[in-house]
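Dear colleague,

Here is the structure I promised to pass on, and my notes on it follow below. Please read them beside the model.

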Amino acid sequence: MDFDAILEDVGEFGRFQKLVIYFILLPAVIPCGFHAYSQLFMAGDVNHWCKVPDLEGLDVELTKNFSIPQERRNGIQDYSQCNMYDINYTDFLSRYSTIEEALMSEGPADIVPCKNGWVYEDTVYQSTIVTEWDLVCDKDFLPTLGLVLLAVGGIIGNYIFGYLQDTFGRKPSFFIYLLIECIFGVATAFAQNYYIWLIFRFGVGFTVPAIMATPYVLAIELVGPRSRTLCTILSNIAYSMGLILLAGVVYLVRDWRYLALATTLPFVCFFLYIWLMPESPRWLLARGQFEKAEVILKKMARINGKSLPKNYMVHLRRKYESDKLQQDLEKEKLRTYGIFDLFRTPNMRKKTIIITFIWFTNTSVYVGLSYYAPVLGGDEFLNFFLAGVVELPTYLFLWPSMERLGRRWTLCMSMVVGGVACLTTFLVQHETNVTLALYCVGKMGISSSFVVLPLMASELYPTVVRGLGMSLSSVLGMLGPIFIPLVNYLGSDIMVLPLIIMGALLVAGGIASLLLPETLNQHLPQTLEDGEKMGLDTDFCCSPPVKEPKNESDERTCKNCSALCSCQMISMPLVENVSPEKDLDAVEFILVK
């Protein structure tokens with residue numbers, strides 16, 4: 001059954017959809033960003049040095065000068081964070097009347113690791129897990145391990161959530177994951193040691209980014225084809241607004257236990273949505289629950305001001321039962337496709353590998369840049385705030401760019417510009433403000449490509465393996481958040497090294513995108529044969545497509561290409577001539593940040 005045809009009768013993007021999307025689904029996107037990045041500030045890096053009990057109560061700078069050797073970090077000479085002079089300070093001070101006299105009289109002493117713990121600055125944070133459990137020096141990898149396990153939990157949770165969402169529905173799955181997130185989020189605040197905290201953060205990671213799936217998919221499934229792009233962009237804007245709000249929360253709450261509560265308890269009120277959030281009527285019809293779908297469709301028509309014939313639902317039920325019977329008969333004759341089909345033929349294999357590589361690059365760099373904001377230098381709260389703010393302008397010109405330049409060139413330019421900005425930080429690594437500006441350009445680039453990639457990928461994979469292809473690419477792409485905290489950990493010695501690695505990944509992904517065919521205004525490939533043919537004529541040097549090419553130019557070659565190129569577009573809606581038996585609407589995808 002073609003649900004989009006039903007939406008034409010009850011309203012494709014009317015008052016019902018706007019109320020649900022603006023007041024329920026978009027706010028429901030916010031918890032994902034809060035729990036994905038609040039951990040950065042729970043484990044915030046704090047300046048520290050060796051504790052010397054014999055010198056407590058003395059001037060801090062004088063004490064450090066007397067007991068702590070200096071070393072070079074990130075090109076700057078500073079006091080060591082993990083070493084001290086091996087001196088008996090009680091005996092030492094008994095021989096001199098003042099510290100200044102001792103400093104002038106004694107020669108250099110042996111240097112040893114800290115013996116009595118550490119002293120932490122409290123000018124930025126009141127408390128973090130680092131200061132509470134001494135996760136510094138030989139234990140400084142443990143906060144990074146927390147981010148890695150958060151990402152591992154995300155991969156496992158995302159896989160299970162896909163099953164829950166398809167089996168039990170969009171609405172129940174959201175509240176199941178919201179409950180899990182709230183339980184583990186609150187429990188985090190009461191962790192008594194690092195390993196208990198790690199378990200609770202793994203539990204929170206189990207819901208990130210899966211909990212964002214329901215608001216996004218529901219929004220997409222409630223509207224007609226012409227409004228889906230708008231819903232995608234609105235979801236990304238809501239996610240970015242969540243990061244901006246989080247910047248305000250972490251600025252106001254500097255104690256990690258209170259921060260865990262502040263980023264969890266407000267979302268308990270989302271359980272009130274259980275009476276307001278509708279189930280997806282598209283999913284209900286796909287699962288054969290016609291009575292429940294009928295209630296929602298009548299409500300949609302009423303609120304949207306659409307009048308339906310009295311026997312509309314009777315005819316709809318008959319058509320549904322007839323189509324379902326026909327589909328059941330045809331399903332027995334359909335061939336089963338597997339992941340191997342994505343690699344069976346050369347062109348499909350090339351496109352699958354390139355899409356997956358770009359997906360991995362996008363996920364790695366977006367998460368990596370977001371993780372890197374607090375340690376970039378300067379005010380870490382301002383850095384994180386700017387990392388969220390700079391995403392918003394990209395959505396203003398992104399859609400016109402995709403329509404005018406096409407998916408391929410928009411994706412390429414977004415990634416290359418962002419990558420070059422990150423690479424350039426190597427030349428200005430000691431200029432904090434310039435590095436921050438280049439970082440923001442890189443964040444804008446990766447934010448743009450994040451929107452373009454899933455759209456382009458869904459248009460490249462053939463219908464018969466589209467679900468498999470998108471799942472494969474997104475799952476492998478989610479390996480990025482596991483890998484990228486390790487890259488950022490390397491930046492503890494060379495601050496711009498992670499930016500250089502992420503910049504190189506972006507440039508490589510941008511160049512690789514030019515090996516893919518343009519999909520703007522092209523027919524969606526239906527079969528594996530269609531997928532294999534699509535893009536065979538693509539040349540790396542093809543110019544961006546024109547918006548409305550003339551029909552008589554179909555056989556001409558690109559100006560800079562020797563072969564007939566798929567960037568010569570025909571004006572054809574993406575959904576035209578797509579057989580409803582393929583059940584395209586049953587497959588919805590998300591590129592999760």
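Is Arg170 buried or exposed? Arg170 is buried, because its relative accessible area is 4%, where buried means under 20% relative accessible area, exposed over 50% and partly exposed in between, with a 1.4 Å probe and protein chains only.

Before the rest, some conventions: this is a predicted model, in which local features need pLDDT of at least 70 and side-chain atom pairs count only at pLDDT 80 or more, while totals for chains, interfaces and linings use all residues. Residues are numbered from 1 along each chain as its sequence is written, and side-chain values use heavy atoms, with hydrogens and water left out.

Overall composition

The chain has 24 helices and six strands, these being DSSP runs numbered from the N terminus (H or I of at least four residues for helices, E of at least two for strands). Of its 593 residues, 53% count as buried. If one takes the contacts (heavy atoms within 4.5 Å) between residues at least 6 apart in sequence, 80% join residues at least 24 apart. The chain exposes about 26500 Å², of which carbon and sulfur atoms supply 61%; accessible areas come from the Shrake-Rupley method with a 1.4 Å probe, and for residues only the protein chains shown count as cover.

Salt bridges

Side chains of opposite charge can pair when their charged atoms come close. A search of the whole structure finds ten salt bridges, each defined as a side-chain nitrogen of Lys or Arg within 4 Å of a carboxyl oxygen of Asp or Glu. One of them joins Arg170 to Glu221, with the closest N and O atoms 2.6 Å apart. Since Arg170 lies in helix H9 (residues 170-188) and Glu221 in helix H11 (residues 213-222), the pair ties together parts that are 51 residues apart in sequence; Glu221 counts as buried, at 1% relative accessibility. Arg407 and Glu459 also meet in a salt bridge, at 3.1 Å from N to O, and this pair links helix H19 (residues 391-424), which holds Arg407, with helix H20 (residues 432-460), which holds Glu459, 52 residues apart. Arg407 is buried at 3% relative accessibility, and Glu459 is buried with a relative accessible area of 3%.

Cysteines

Two disulfides are found in the whole structure, a disulfide being a pair of cysteine sulfur atoms within 2.5 Å. The sulfur atoms of Cys50 and Cys114 are 1.7 Å apart, and the torsion about their S-S bond is about -70°, so this disulfide is left-handed. In the disulfide of Cys82 and Cys137 the sulfur atoms are 2.0 Å apart, and with a torsion of about -100° this disulfide is left-handed. Cys82 is partly exposed at 25% relative accessibility, whereas Cys137 is buried at 17%. Cys182 is in no disulfide, the nearest cysteine sulfur being that of Cys269, 9.1 Å away.

Surface patch

Leu19, Tyr22, Phe23 and Leu230 make a nonpolar surface patch of about 380 Å². Patches are made of residues with over 30% relative accessible area and no salt bridge, like charges being joined within 9 Å and nonpolar side chains (Val, Leu, Ile, Met, Phe, Trp, Tyr) within 5 Å. Helix H2 (residues 15-25) gives the most to this patch, with three residues, while Leu230 is placed in helix H12 (residues 228-252) and is partly exposed at 37% relative accessibility.

With best wishes
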